[in-house]
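The following note sets out a few points for a colleague to check against the model. Please read each one with the coordinates open.

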Amino acid sequence: MQHGVRYDAIILGGGAAGLMCAARAGQRGRRVLVLERAEKVGKKILISGGGRCNFTNIGAGPANYLSTNPHFAKSALARYTPRDFLDLVESYGIAWHEKTLGQLFCDGSAKQIVEMLLAECEKGAVEIRTDAEIGKVGHADGAFRVGDVAAPALVIATGGPSIPKMGATGIAYDLARRFGMKVVEPRPALVPLTLGGEDVLFRELSGVSAHVETQANGPAFREAALFTHRGLSGPAILQASSYWRPGEDVAVNFLPDRAPGWLTEAKRTNPRVTLRALVRDALPERLADTLAERLALEREIGNQPDAALRAAEARLARWTFRPNGSEGFAKAEVTVGGIATSELSSKTMEAKAVPGLYAIGEAVDVTGWLGGYNFQWAWASGVAAGDAL
């Protein structure tokens, strides 16, 4: 393109939200330029879901998102649903399957999703530049300038700082602040937690996993938890980590299928059994032994007072860990926080105080649970902005 060509919109970031926004706007006849820092677009899409891309969750709704304003995501999510994205996937003949808990994946490869988005962009004659240094962004006379290009609309779709090895940075927040927009303090989410102090002995269980229920200052999640050489991971822990704050506990129910009173009931029906044997029935041996040792009820349960059994049962149902930190943005799948939703229109994603400036996807203070929810927010927020450009 020759120097000084004007576009209708410049989109910063060629990830899920940016490509979706570009395709929608381009197909509405807008002249769109996408600037991507990396050597190719959609890098986070390509590694997601073990390379098969967990591209949405069939049950995605506002309740599956964290935000300072829990109502903000409602409008975009209602107007572009998981079914809408699935219709697009199917129109390209991409085979998919549902895993647990409504998670949808490609049968083949995440590349198919990137290729589909690029094909959609091509339909709208979208121009995409990779290896693009964004540099200084200017704004004057109703136009945004990025390097040698200008447009009346600018879309921040640069994501958050999670997974820096993929090229992620905090540029979205720098841009937002430059235009006077507030930023909710970003922190790592969907991230393994580290253990110290008395909990260190659980690190000896590295590699052991169990189906549990976890909770940290938010909803409870029933999925697998994994002990690692640094602390706790696995889907149940990653989910809870988004709600966890330093200095707080994470509660784990190791036996979520057991009805209250199960241990005193076992005392009546099977008094010769030990607590260790009962816990081994339900959990991996190494984990069961560690828990039983901490509970220190070695004798047969028929010889234990009911009060001691009730206390052991309560502890197994709410075993608290006090993480000493997380593995940080390097291991976080997404970011909690970001550009404050109070600065944006929930209908169009446009900045209230800066006409023509938009923010979408992970750059915004809307964070989904693990399991395709963050992609659905990327698609929905991208469509909201793309239809408004």
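1. Met-349 is buried, at a relative accessible area of 0%; buried here means under 20% relative accessible area, exposed over 50% and partly exposed in between, with a 1.4 Å probe and protein chains only. Met-349 lies in the loop that separates β20 (334-339) from β21 (357-359). Although Met-349 is not a glycine, its phi is positive, about 70°.

2. On the basis of the note: this is a predicted model, in which local features need pLDDT of at least 70 and side-chain atom pairs count only at pLDDT 80 or more, while totals for chains, interfaces and linings use all residues. Residues are numbered from 1 along each chain as its sequence is written, and side-chain values use heavy atoms, with hydrogens and water left out. Helices (H or I, at least four residues) and strands (E, at least two) are DSSP runs numbered from the N terminus.

3. A positive phi, about 60°, is also found at Cys-53, which is not a glycine. Cys-53 sits in the loop between α2 (43-47) and β3 and counts as buried, at 0% relative accessibility. The loop between α2 and β3 also holds Ser-48, which counts as buried at 12% relative accessibility. Leaving aside residues up to four places away in sequence, Ser-48 touches Cys-53, Asn-54 and Phe-375, contact being heavy atoms within 4.5 Å.

4. Three strands make up an open sheet, ordered β3-β6-β5, with antiparallel pairing; two strands pair if DSSP finds at least two bridges between them. β3 (54-57) and β5 (96-98) are the edge strands, each having a single partner, so one side of each has no neighbour in the sheet. From one strand to the next the twist averages 25°. Axes are lines fitted to C-alpha atoms, for helices over the stretch in contact, and angles run from 0 to 180 degrees between N-to-C directions.

5. Which residue of β6 is the bridge partner of His-97? The partner is Phe-105, and β5 is joined to β6 (residues 103-106) by 3 bridges, the two strands running antiparallel. Helix α4 (residues 82-91) packs on this sheet and touches β3, β5 and β6; its direction makes about 140° with that of β3.

6. α9 and α10 pack at about 145°, their axes being 8 Å apart. In this contact, Leu-275, Arg-276, Val-279 and Arg-280 of α9 meet Glu-285, Ala-288, Asp-289, Ala-292, Glu-293 and Leu-295 of α10. The buried residues of α10 include Leu-287, Thr-290 and Leu-291, and its buried set packs against β14 (209-215), β15 (221-227), α9, α11 and β18. Ala-296 follows α10 and has a positive phi, near 55°.

7. Helix α11 (residues 306-317) has 12 residues and spans 16 Å from its first C-alpha to its last, close to the 16 Å expected at 1.5 Å a residue; the expected span is 1.5 Å times one less than the number of residues. Its buried residues are Leu-309, Ala-312, Glu-313 and Leu-316. Viewed down the axis of α11, these fall within an arc of 100°, so they line one face of the helix; the arc is that of the directions from the helix axis to the C-beta atoms. Ala-307 and Arg-310, on the other side of α11, are exposed. Cover for the buried residues of α11 includes β17 (250-253), α8 (262-269), α9 (275-282), α10 (285-295) and β18 (319-321).
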